[in-house]
Amino acid sequence: MRLPAPNALVGGTLIGFLVLVAAVSSVWTPYDPLRLSFRAKLAAPSAMHWLGTDEFGRDVLSRLMAGAATSVWISLLTVALAVSLGTMIGLFSGYVRGWVDRTIMAFNDALLAFPGILLALGLLAVVGANKYGIILALGIAYAPSVARIVRGTVLSLREREFISASRVMGNSEGFTMARHILPNCIAPLTVLATSMFGWVLLAESSLSFLGLGVPPPAPTWGNMLAGSRPYIGQAVWLGIFPGLCISLTLLGINLLGDALRDKLDPRMRGAR
């Protein structure tokens, strides 16, 4: 029996644990993440509060668990929106070509010139800082990267023999794109979507850290990290644990993305 690659094993374990915690937190947490207890404020980690409490006496472990659910939900919906929108644009542009392709790609490249986080900040100023505003802003910000990848794949497939055969058989252009071209885009999209999950999670944490994410008192790893700044000298655990959660999640996503690239990219299989 062939064992999985170390990066797939470690990355899959970390991400699997994140998803498990997010699922469990939707039905159970040790304490109410929003419950205030001024008698227990800034309590150090103990048997009662394993990861301590914050400045309002809220249990840090419970808030980290609830924050995991928020981060996973936002990241999944954002990636789904970016991949869906970018795939439609890239598929249409690469297949039609001509002046339509040049026009779409010129606009797409103009969006790519902006860093994703800056474009998201501009969009958030229009749609407002809330959970669904973040999903919309980040989804639009990352869609151009997906469109560029899909367009490149479509251009490499468009003149292949099986596409010509589909045309000769009388299949419509829409059927040809959906049946023969789109399935061949799944492998690069899978690798890109895995990496994008990490980008979105880091971007959401950054926006929450800046006060432009999910509004308090709803817990996210980013706003927990931001809230720890005034107390970093007397309650260091407030900053360590959210930062550790973000770091381990990004590590798991990067390792899992590398494993998927090695598995799905024929050139990487040949190198091994």
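The structure, a predicted model, holds two aromatic pairs. Rings of Phe, Tyr and Trp (its six-membered ring) pair if their centres lie within 6.5 Å; planes under 30 degrees apart count as stacked, over 60 as edge-to-face and the rest as tilted.

Take Phe-38 and Phe-56. Their ring centres are 6.4 Å apart and their planes meet at 80°, so this pair is edge-to-face. Both Phe-38 and Phe-56 lie in the loop between helix H1 (6–25) and helix H2 (60–96), so the pair ties together parts 18 residues apart in sequence. Helices here are DSSP runs (H or I, at least four residues), numbered from the N terminus. Phe-38 is exposed, at 52% relative accessible area. Phe-56 is partly exposed, at 34%. Buried means under 20% relative accessible area, exposed over 50%, partly exposed in between (1.4 Å probe, protein chains only).

Now Tyr-142 and Trp-199. Their centres lie 5.9 Å apart with planes at 40°, so the pair is tilted. This pair links distant parts of the chain: Tyr-142 sits in helix H5 (residues 131–157) and Trp-199 in helix H8 (residues 186–209), 57 residues apart. Tyr-142 is buried at 12% relative accessibility. Trp-199 is partly exposed at 37%.

Charges also sit over rings. The criterion is NZ of Lys or CZ of Arg within 6 Å of the ring centre and within 35 degrees of the ring normal. Arg-158 lies over the face of Tyr-95, 5.4 Å from the ring centre. Arg-229 covers the face of Phe-209 at 4.8 Å from the ring centre.

Residues are numbered from 1 along each chain as its sequence is written. Local features need pLDDT of at least 70, side-chain atom pairs count only at pLDDT 80 or more, and totals for chains, interfaces and linings use all residues, while side-chain values use heavy atoms, leaving out hydrogens and water.

Methods
Helix = DSSP H or I, 4+ residues; strand = E, 2+ residues; numbered from the N terminus.
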